[in-house]
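Please look over the sequence and the model before reading on.

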Amino acid sequence: MSSPQSSAGGELLRREWVKSKSDEYKLNPAKCNTTYTFRVFQWNMLADAMAHGNFVKCPAEVLKWSYRSQLILNEICRSEADIICLEEVDHFLDFFEPHLSRLGFEGLFVPKNDSPCLQYQPNNGPDGCALFFRSSMFALLEKKEFRLKNETQGISNQVALLARLKIEDANKAKDSPFYTLCVGVTHLKAKRDYQALRAAQGEHLLSEMASFASDEHAIICGDFNATPDEPVYQHFTNNKTHQLLNLSSAYAASFNGEKEPPLTSWKFRAYGESEYTIDYIWILKDKMVIDSIWRLPTKEEIGENALPSPSYPSDHLALCSSITLF
C-alpha cells in the first residue's frame, strides 16, 4: 500500500518490524494445517479540531490539518496494514474514506453523540471511531455500533464499533477452522479520575464482543486511556466473566509476557507533561499468534519536545501487529 507524497508534511519517525520473542505465541505447525496472516493497525490520530492550542512545545504550523493530514496517511500506508482502527476521527467523509477507498479499503464510522470537537471553532463535526479493512481480503457480514455504559448502567458518551468480517481467501481450504474475524474499536473516557467509568465501559465492551463473536476469532483495538495498572486493563488480561475471550495485549505478549512499551503517548500541555501507555491491540491468545510488531520510537528518537512534532502528526504513537489465525 503506497500513498501519494506531498510537500506539506515532513519525514516521519523511523519505524521497523520486530519479530515476536514469545515462546507462548510461536505457532506449532504440527497442530494446524491452515493459517491466515494479516496486519492490524491501531491509532488515535488526534482530531483536527482538538489539535490547535493544546500542545505547547509543538509549532502551530505543524498542527494544521494541511500539514498533518499527509503525514497521517503516510503513517497508515507505510504500515501495510490490512485492518485499520482509528480514534478521534473528525475527517472521515472528506479525507479518510476517499483516500483509503482508493487504496482498496472499505470503511465504517461511528461518531460520539456529544463530541468534544464541537466545543472548538472551527470544527469538522463530531469525532468518533473508524474501522477500515482491505476489501480484497475481507468482506463485511455484520456490524454493531453502540454507546458504552457507565458505572450505573446508564449511557456514557464513549462509543464502540464491532464488525464481523468474512475472510476472502481463494486459497483457503474448505475445511478451514476459520471463516470470519470479529474486530472491535473503541475510545474510552480520558482523565485519571475516571478509572471506575473506564472499568464499566470495558466490561460492557467485553460483554458485547463475547455475544457478537461467540467462539469466533476476535480482536479489540483502541485508546483505552488506561495504564496497565488500571482495573480495566487487569479485567481484559484476567477476564473471568467472558471465558470465550481469553485476551492478551499484542505488544506485551510479544516479549515473553513482559511489560507493555514504556509509552504510547507523550505530550506537553499548558498544565504539564503527560507520558503513559494507554493504547492496545487485544487478541485471543488461544486462537492467534503474534508474528511481529511495529517497534515504537523511543523518547530519544521522538525528541525533547515530545508529540505531536514536525515528524509525527499525533500525540499518540500508532501500533501495528502481524497476526496469524489458526
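Which residue is the bridge partner of V40 in β3? The bridge partner of V40 in β3 is I83. The model is a predicted one, in which local features need pLDDT of at least 70 and side-chain atom pairs count only at pLDDT 80 or more, while totals for chains, interfaces and linings use all residues. Residues are numbered from 1 along each chain as its sequence is written, and side-chain values use heavy atoms, with hydrogens and water left out.

## The seven-stranded sheet

Helices (H or I, at least four residues) and strands (E, at least two) are DSSP runs, numbered from the N terminus. Two strands are said to pair if DSSP finds at least two bridges between them. An open sheet with mixed pairing is formed by seven strands in the order β1-β14-β15-β2-β3-β5-β4. At its edges stand β1 (17–19) and β4, each with a single partner strand, so one side of each has no neighbour in the sheet. On average, neighbouring strands of this sheet are turned by 25° against each other, direction ignored; axes are lines fitted to C-alpha atoms, for helices over the stretch in contact, and angles run from 0 to 180 degrees between N-to-C directions.

Strand β3 (residues 83–89) has seven of its seven residues buried, so the rest of the structure largely encloses this strand. Here, buried means under 20% relative accessible area, exposed over 50%, and partly exposed in between (1.4 Å probe, protein chains only). β3 runs parallel to strand β2 (residues 36–44), to which five bridges join it. With strand β5 (residues 128–134), β3 pairs in the antiparallel sense, again over five bridges, and L86 stands opposite A130 in β5. Strand β2 is also joined to strand β15 (residues 319–325) by seven bridges, and these two strands run antiparallel. In β15, S322 is the bridge partner of R39.

Helix α1 packs on this sheet, where the helix touches β1, β2, β3, β14 (288–294) and β15, and its direction makes about 160° with that of β2. Contact means heavy atoms within 4.5 Å. Helix α2 (residues 92–102) packs on the sheet as well, touching β3, β4 and β5, and the direction of α2 makes about 160° with that of β4. Together, β2, helix α1 (residues 65–79) and β3 make a right-handed β-α-β unit; a crossover is right-handed if, with the strands pointing away from the viewer, the path from the first strand over the helix to the second runs clockwise.

## The nonpolar core

A nonpolar core is a set of buried Ala, Val, Leu, Ile, Met, Phe, Trp, Tyr and Cys residues joined through side-chain atoms within 4.5 Å. The largest such core has 98 residues, and F38, L86 and F96 have the most contacts inside it. When residues up to four places away in sequence are not counted, the residues touched by L86 include F41, W43, I76, F96 and A130.

## The six-stranded sheet

Six strands form an open sheet of mixed pairing, in the order β6-β7-β8-β9-β13-β10. Its edge strands, β6 and β10 (247–249), each pair on one side only. Three bridges join β10 to strand β13 (residues 279–284), the two running antiparallel, and L247 has L284 as its bridge partner in β13. Helix α3 packs on this sheet, touching β6, β7, β8 (180–187), β9 (217–223) and β10, and its direction makes about 150° with that of β6.

Within strand β7 (residues 155–167) is found R164, which is buried at a relative accessible area of 12%. Among the residues that R164 touches, leaving out those up to four places away in sequence, are L140, E142, C182 and F212.

## Salt bridges

A salt bridge is a side-chain nitrogen of Lys or Arg within 4 Å of a carboxyl oxygen of Asp or Glu. By this rule, the count comes to 16. Three of them are listed below.

| Pair | Closest N and O atoms |
|---|---|
| D127 and K112 | 3.3 Å |
| E275 and K299 | 2.9 Å |

Both D127 and K112 are buried. E208 lies in helix α3 (residues 195–213) and K144 in strand β6 (residues 138–149), so this pair ties together parts that are 64 residues apart in sequence. E208 is buried, with a relative accessible area of 17%, whereas K144 is partly exposed at 33%. A network of salt bridges links R14, E16, R295 and E301.
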